[in-house]
Amino acid sequence: MISRSSKIFFAFTLLLSPASFSFAAVSQKAMVATAEPLATQAAVETLKLGGTAADAAIAAQWVLNVVEPLSSGLGGGGFFVYYEAATRKVYTFDGRETAPAAAFPEMFLDKQGKPYEFWPDRNTGGLPVGVPGTLRLLETVHQRFGSGKIPFGKLFEPAIAVAENGFPVSERLSAYIDGEAPRLHLFPGPRRIFLDAQGQALKPGTILKQPELAKTFQLIAEKGPSVFYEGEMAEEIVRAVRGASFHPGLMTLEDLKAYRVKEREPVKGEYRDYEIWSMGPPSS
């Protein structure tokens, strides 16, 4: 089990003179930028359906969970910065992972009282897994800033399609899998998904299908996020964390049920004639 955090950013772009760049992208109504084209496409299609920027970001995030597992996923957490034009106000939400209630200061020390090596001992297995916040975070954002035209469950549809039909593995993803292969070999599930029959990283261009992830998304879409934090899925998460074959963890069903997103005050700075707003602590 490898814990990863989701990263959700709304970037404020400084528009410089045309001479500063060899190319320019211009839009009169909306613009979307993500690390993967399929995620960008999902966001654009959501906007065409009448969705807000919040709706579009959520749809993009679930696709990123499929095509960019190295950075984004249900098992992690994130920060969300949102500007609402109607109120001219910036809102920020903390949906990062939290430590299980049973966490204790010496949990990453060996029997001799020395700290575990960071790689792979301290960041692999069930022990370093935090209580995931991404799903509750995006549920909160949808409730606050969604258009009301698109149900939360429908925003999973593009990701479900990509997970079921597959997508070509990028050079970046292939390289990352190759670098993490020693850790992936420790766990049957990730090993089966991201390594080939010879135990090697999937080559660029290989079509990667993830039917189990599609089923997970479908279940959340149908039953809502509570199935992840309190229902049958929560039980599977706790079983995986506490029964990990490498460094079993401490997470409980109570930890998942108790998870809460926190709205925080943004930080503000100035650069020349621009106001720059961003996520405050605990973001770094």
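At 46% relative accessibility, Glu275 counts as partly exposed, a class that lies between buried (under 20% relative accessible area) and exposed (over 50%), as computed with a 1.4 Å probe on protein chains only. The structure is a predicted model, in which local features need pLDDT of at least 70 and side-chain atom pairs count only at pLDDT 80 or more, whereas totals for chains, interfaces and linings use all residues. Residues are numbered from 1 along each chain as its sequence is written, and side-chain values use heavy atoms, with hydrogens and water left out.

The side chain of Glu275 meets that of Lys268 in a salt bridge with an N to O distance of 3.4 Å, where a salt bridge is a side-chain nitrogen of Lys or Arg within 4 Å of a carboxyl oxygen of Asp or Glu. Lys268 is likewise partly exposed, with a relative accessible area of 48%. The structure holds 13 salt bridges, among them one between Glu97 and Arg96 at 2.8 Å, in which Arg96 is partly exposed at 29%. Another joins Glu157 to Lys154, the closest N and O atoms being 3.1 Å apart; Glu157 has a relative accessibility of 43% and Lys154 one of 35%, and both are classed as partly exposed.

Glu68 lies in the loop between H2 and E1, helices (H or I, at least four residues) and strands (E, at least two) being DSSP runs numbered from the N terminus. Apart from residues up to four places away in sequence, Glu68 touches Ala35, Glu36 and Arg172, contact being defined as heavy atoms within 4.5 Å. Glu36, Glu68 and Arg172 are also linked in a network of salt bridges.

Strand E1, which spans residues 78-84, is mostly covered, as 5 of its 7 residues are buried. It runs antiparallel to strand E2 (residues 89-95), to which 7 bridges join it, and two strands are taken as paired if DSSP finds at least two bridges between them. Within this pair Gly78 stands opposite Gly95 in E2. The two strands form a hairpin with 4 residues between them, and Arg88 in the turn has a positive phi of about 55°.

In helix H5 (residues 157-165), the buried residues are Ala159, Ile160, Val162 and Ala163. These residues cover an arc of only 165° around the axis, and therefore lie on the same side of H5, the arc being that of the directions from the helix axis to the C-beta atoms. An α-helix has 3.6 residues a turn, so residues three or four places apart point the same way. The buried residues of H5 pack against helix H1 (37-48), helix H2 (53-67), strand E3 (167-168) and helix H8 (211-223). H5 is followed by Gly166, which has a positive phi near 90°.
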